[in-house]
Amino acid sequence: MTRFWKTYRLRITDAHLLMVFRGGSPLSRRTISRRLGFLPRSVLSGLLFSAEQRGIIVRARPCEVGSNRHKLHIYKPVNA
């Protein structure tokens, strides 16, 4: 099965990524993916990794958001 992705949706700027975080609350990878329009996993991973390296978002510890799972990927904006 071939999937066709809309190319204009793959051009996500830092402003688009920060608009996903409404109110500055931490979000999981799944929620970020839903709000950006279900990007492929490789694209989402690259987007989150590059934003984390540039200092736009940081990875939150699961215990900070009320979960004690170790494999949970949660991100929050830097200014929040």
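Strand 2, residues 57-60, and strand 3 pair in the antiparallel sense over four bridges. Pairing here means that DSSP finds at least two bridges between two strands. Within this region, Ala60 stands opposite Ile74 in strand 3.

Before going on, a word on the source. This is a predicted model, where local features need pLDDT of at least 70 and side-chain atom pairs count only at pLDDT 80 or more, while totals for chains, interfaces and linings use all residues. Residues are numbered from 1 along each chain as its sequence is written, and side-chain values use heavy atoms, with hydrogens and water left out.

Back to the strands. Strand 3, residues 74-77, also pairs with strand 1, residues 27-28, again in the antiparallel sense, over two bridges. There, Ile74 of strand 3 is the bridge partner of Ser28. As a general point, strands of a sheet pair through backbone hydrogen bonds, either parallel or antiparallel. Contact, here and below, means heavy atoms within 4.5 Å.

Now the whole chain. The protein chain has three helices and three strands, following the pattern α-β-α-α-β-β along the sequence. Helices (H or I, at least four residues) and strands (E, at least two) are DSSP runs, numbered from the N terminus. Of the 80 residues, 28% are buried. Buried means under 20% relative accessible area, exposed over 50%, and partly exposed in between, with a 1.4 Å probe and protein chains only. Among contacts between residues at least 6 apart in sequence, 43% join residues at least 24 apart.

Next, how do helix 2 and helix 3 cross, and within what distance do their axes come? The axes of helix 2, residues 29-36, and helix 3, residues 41-54, come within 11 Å and cross at roughly 105°. Axes are lines fitted to C-alpha atoms, for helices over the stretch in contact, and angles run from 0 to 180 degrees between N-to-C directions. Helix 2 and helix 3 are therefore roughly perpendicular to each other; angles under 35 degrees count as roughly parallel, over 145 as roughly antiparallel, 65 to 115 as roughly perpendicular and the rest as oblique.

From helix 2, Arg29, Ile32, Ser33 and Leu36 meet Arg41, Leu44, Ser45, Leu47 and Leu48 of helix 3. The residues of this contact divide into five nonpolar, two polar and two charged. Ala, Val, Leu, Ile, Met, Phe, Trp, Tyr, Cys and Pro count as nonpolar, Asp, Glu, Lys and Arg as charged, and the others, Gly among them, as polar.

Last, two residues. Is Ser33 buried or exposed? Ser33, in helix 2, counts as buried because its relative accessibility is 10%. Leaving aside neighbours within four places in sequence, Ser33 is in contact with Phe38, Leu39 and Leu44. Phe38 lies in the loop between helix 2 and helix 3 and counts as exposed, at 51% relative accessibility. Phe38 also has a positive phi of about 55°, although it is not a glycine.
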